[in-house]
Amino acid sequence: MSKGDLLSIIPCHRRPERSLKIKGRPLVLCARCTAIYGSYILLPFLYFVPLVHNLFLALFLQLPMLIDGFTQKWKWRESNNTLRVITGLLSGIGQCMMIWYAADLLKELLS
Ligand SMILES: [Zn+2]
């Protein structure tokens, strides 16, 4: 399985005009997805941040991405890659927080 095949299973619209570019070539994933999946690298380190175990904050961190994504989808405005990266990073961190919240809950249920 090549790197391209592996990345093809990741859901993303893959529009080159919405992707970050390296030396003029667009990355395989869009700017938002690159930031979301890239933020998953933070998952093990986030465990030690006290606020990380807050589900409300984790859900709140999804709002910027939802607002940016849907207002663009509804053609109210056009986003840009800087906003896509920032909102994707916040969303990815929030998703990591949800994983830790679920892990804490599971640990509590099993103990
Ligand atoms: Zn994407």
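Visitor: Which residues are linked in a network of salt bridges here?

Guide: In this predicted model, the network joins Arg32, Asp68 and Arg77.

Visitor: What makes the pairing of Arg77 with Asp68 a salt bridge?

Guide: The closest N and O atoms of Arg77 and Asp68 are 2.8 Å apart. The cut-off for a side-chain nitrogen of Lys or Arg and a carboxyl oxygen of Asp or Glu is 4 Å, so the pair qualifies. In general terms, side chains of opposite charge can pair when their charged atoms come close.

Visitor: Why is the link between the side chains of Asp68 and Arg77 also called a polar contact?

Guide: The two side chains make that contact at 2.8 Å. A polar contact asks for N or O atoms within 3.5 Å, so this distance meets the limit too.

Visitor: Is Asp68 buried or exposed, and how do you know?

Guide: Asp68 has a relative accessible area of 4%. Buried means under 20%, so Asp68 is buried. Its place in the chain is in helix 5. Leaving aside neighbours within four places in sequence, Asp68 is in contact with Arg32, Arg77, Ser79, Leu83, Arg84 and Thr87.

Visitor: What is Arg77 called on that scale, and why?

Guide: Arg77 has a relative accessible area of 31%. That value falls between 20% and 50%, so Arg77 is partly exposed.

Visitor: How many salt bridges does a search of the whole structure find?

Guide: Four. One of them pairs Glu78 with Arg84, whose closest N and O atoms are 3.4 Å apart. The limit is 4 Å, so the Glu78 and Arg84 pair counts.

Visitor: What makes Glu78 exposed or buried?

Guide: Glu78 has 55% relative accessibility, and exposed means over 50%, so Glu78 counts as exposed. Arg84, at 4%, counts as buried because the value is under 20%.

Visitor: Which residue forms a salt bridge with Arg15?

Guide: Glu17, with the closest N and O atoms 2.9 Å apart. Arg15 itself has 35% relative accessibility and counts as partly exposed.

Visitor: Let's turn to the metal. How do you know which residues coordinate the zinc ion?

Guide: Cys12, Cys30 and Cys33 each do this through SG, at 2.2 to 2.3 Å. A caution: water is not among the atoms, so sites may look incomplete.

Visitor: What spacing do the donors of the zinc ion follow along the chain?

Guide: The spacing is C-x17-C-x2-C. Cys12 and Cys33 link distant parts of the chain, being 21 residues apart. Cys12 sits in the loop between helix 1 and strand 1, while Cys33 belongs to helix 2. Cys33 has a relative accessible area of 12%, which is under 20%, so Cys33 is buried.

Visitor: Which residues form the nonpolar patch on the surface?

Guide: Phe56, Phe60, Leu63, Leu66, Ile67, Phe70, Trp74 and Trp76, with about 920 Å² of accessible area together. Helix 4 and helix 5 are the elements that give two or more residues to the patch, and helix 5 gives the most, with four.

Visitor: How many helices and strands does the protein chain have?

Guide: Six helices and two strands, and along the sequence they follow the pattern α-β-β-α-α-α-α-α. Buried residues make up 27% of the 111 residues. The accessible surface comes to about 7,600 Å², of which 73% belongs to carbon and sulfur atoms.

Note on methods
Residues numbered from 1 in each chain as written. Predicted model: local features only at pLDDT ≥ 70, side-chain atom pairs only at ≥ 80, totals over all residues. Heavy atoms only, no water. Donors = N, O, S within 2.8 Å, 3.2 Å for Na, K, Ca; no water. Buried < 20%, exposed > 50% of the residue type's maximum accessible area, 1.4 Å probe, protein only. Patch = residues over 30% accessible without salt bridge, like charges linked within 9 Å, V, L, I, M, F, W, Y side chains within 5 Å. Areas by Shrake-Rupley, 256 points an atom, 1.4 Å probe, with all protein chains shown as cover. Polar contact = N/O pair within 3.5 Å; in protein donor to acceptor, adjacent residues only side chain to side chain. Contact = heavy atoms within 4.5 Å.
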